[in-house]
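Take a look at the protein shown here. The notes below walk through some of its parts, topic by topic.

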Amino acid sequence: MTQVRNDSAILDAVVVGAGFGGLYAVKRLTDAGFAVQAFEAGDGVGGTWYWNRYPGARVDLECWDYSYSFSPELQDEWDWPERYPTSSELMKYLNHVADRFELRRHIRFNTRVETAVFDERENLWIVTTSDGKVTRARFFVPATGVLSVPKPPEIAGLDSFKGESYHTGRWPHHEVDFSNKRVGVIGTGSSGIQVIQALAGQCRHLSVFQRTAVYVVPAKNHPLTPAMRARVRATYTERRAVSRLTRFGIAVPFPVESALDATPEERSRKYENAWENSQLLGFRMCYGDILSNEAANETVAEFIRGKIRDTVRKPDVAEKLMPRGFPFGTKRPCLGDTYYSVYNRDDVTLVDLKQTPIERVVPEGIETSEGLHELDVLIYATGYDALTGALTHIDVRGVNGRKLTDKWASGAKTYIGLMTSGFPNLFTVTGPGSPGPLANMSMSIEQHIDWIAACMTYLRNNAIERIDAVPQAEEDWMQHVQDVVSNTLYLKANSWYIGANVPGKPHVFLPYLGGHGTYRRKCDEIAAAGYPGFVLSRATAREASQASSNEAIHVAEAGLMGGAV
Ligand code: N01
């Protein structure tokens, strides 16, 4: 159903992706009566989890939180087997969601969106796909994920390697046999930590090429019993309601006390408790200033270094594994139950690239400054062109044919993480300027898509053709994003939050750190007030140019600021 015009060849929305975001966008928008076509490059649903099937891949938030909340029935019928679901369990869940809500009929698989061009005379997005087809839609909703474009390492000779090589973010769908093989892993972020734990002991020898040591806290993963599931289900509604208001989108309170006001014994008790009963946010929830005060942060950092000293038997290896030079939590901490003890094995070698940098990949393996490491399999756990990569890999052009890559050349900009000015009727999902990856992603996705669906409904009900962000509102929002982060320690790390991992990418901290609850309230207030900070227009440019001069004035007046319809 289109809003104003009745052209059956014109859809209401093109959605890109069939992961958590794309599936929910299809569900929510079709429920609201919109005609939607989704495109997915893979041959099935799953998004991130479709591509990330490397050994050990699992989510680092508890299943109760990292799952959809929109359907109580779905919540009640799905039995998660473990606290942290594996990639294959998440794939089962997302396939179930696609089937249960009959979403597949709206998705064209094996189809990559290549270009999206805004036709400003008609207020339409013209979308071309890898199958050579063109789709026209009023709205463009790329739910492309924040970590979906893998970033290979900048190392000479990558193509010369004669063994097998894989990036964790593009893992093959066939079984990879590691038995009796010498395996090298480059990268020790969340993906590297998981794959290293999974492969230690499963191959002839594992060599880990570490450039930066990270903080790894215990996952304490465990199977779930029916009684555990029943306990969560009994309070699920309240849990979700509380989560929607919190900083990280999960139901844990954020404390106000300073770590520096506590005695060393009190701190130690709290940190031991966080270590033993950990979850991703455990340490950050111990005190209110862990992410804002360097001395407070150092108390956590040193506690974790102590655990590494206690676990790793060879002191020189322990020393190399100790994270230094950036505060705890400012790169995403990793979860791992056996990570540090892996280095007590004789068949695992840690190669510290700070001391012996990689010089090149050669047919036989990796050559560092100290010599050749012979390998049969090479795994790149080297991360992603995060937050913007998936969208800028599509040739997106807005008003006056301006390319999105040009607009974002010195840093991505959005108004409240939902629209970027000059690209009308394009909604971003968990992208730059939103809390996205700094909060529970599944909850962030639902919040964004709910807001987008409500906005599209408002536009339809008010016969509005076009919505765009006001440039000054966008500038002010991005300034606010920077102001918030400048009160924290996050700028002290070269993280993917800041684009530091991709050569040539502008260094701008992109996620909004104000917290999920605060952000949600702000978005809701803007919608309730009739969309201040956006320009809403009733007529297409074609209609305006066809109108008589009197009509043209009327049409011009219909370019409404702040939605004062
Ligand atoms: O990627 P990363 P990731 N030579 O960018 C190293 C989510 N996630 O895929 O730090 C040598 O974190 C790089 O070194 P350095 C989660 O949000 C979640 O692991 O740049 N090394 C770093 O060690 C996470 O934060 C889950 O010095 C090179 C590593 O590669 C995000 O995805 C699981 C190099 C990249 O780490 C990204 O995680 C997996 C080079 N040329 C991912 N280039 C869970 O839910 C890069 N590196 C558990």
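This is a predicted model: local features need pLDDT of at least 70, side-chain atom pairs count only at pLDDT 80 or more; totals for chains, interfaces and linings use all residues.

Residues are numbered from 1 along each chain as its sequence is written, and side-chain values use heavy atoms, leaving out hydrogens and water. Helices (H or I, at least four residues) and strands (E, at least two) are DSSP runs, numbered from the N terminus.

**Faces of helix 8**
- Arg267, Tyr271, Ala274 and Trp275 are the buried residues of helix 8. Buried means under 20% relative accessible area, exposed over 50%, and partly exposed in between (1.4 Å probe, protein chains only).
- Seen down the axis of helix 8, these buried residues fall within an arc of 100°, so they line one face of the helix. The arc is that of the directions from the helix axis to the C-beta atoms.
- An α-helix has 3.6 residues a turn, so residues three or four places apart point the same way.
- Exposed Glu265 and Arg269 sit on the face turned away from the buried side of helix 8.
- Strand 10 (216-217) and helix 9 (294-311) are what the buried residues of helix 8 pack against. Contact means heavy atoms within 4.5 Å.

**Nonpolar cores**
- The largest nonpolar core has 166 residues. Such a core is a set of buried Ala, Val, Leu, Ile, Met, Phe, Trp, Tyr and Cys residues joined through side-chain atoms within 4.5 Å.
- Helix 13 (residues 441-461) gives the most to this core, with nine residues.
- A second, separate core has 12 residues, including Phe161 and Leu375.

**Strand 4 and its partners**
- Strand 4 (residues 113-119) and strand 5 (residues 124-129) run antiparallel, joined by six bridges. Two strands pair if DSSP finds at least two bridges between them.
- Thr115 has Thr128 in strand 5 as its bridge partner.
- Four residues lie between these strands in their hairpin, where Asn123 takes a positive phi near 55°.
- Strand 4 also runs parallel to strand 17 (residues 395-397), with three bridges. There, Ala116 has Val396 as its bridge partner.

**A buried lysine**
- Lys181 lies in the loop between strand 7 (164-167) and strand 8 (182-186).
- Lys181 is buried, because its relative accessible area is 19%.
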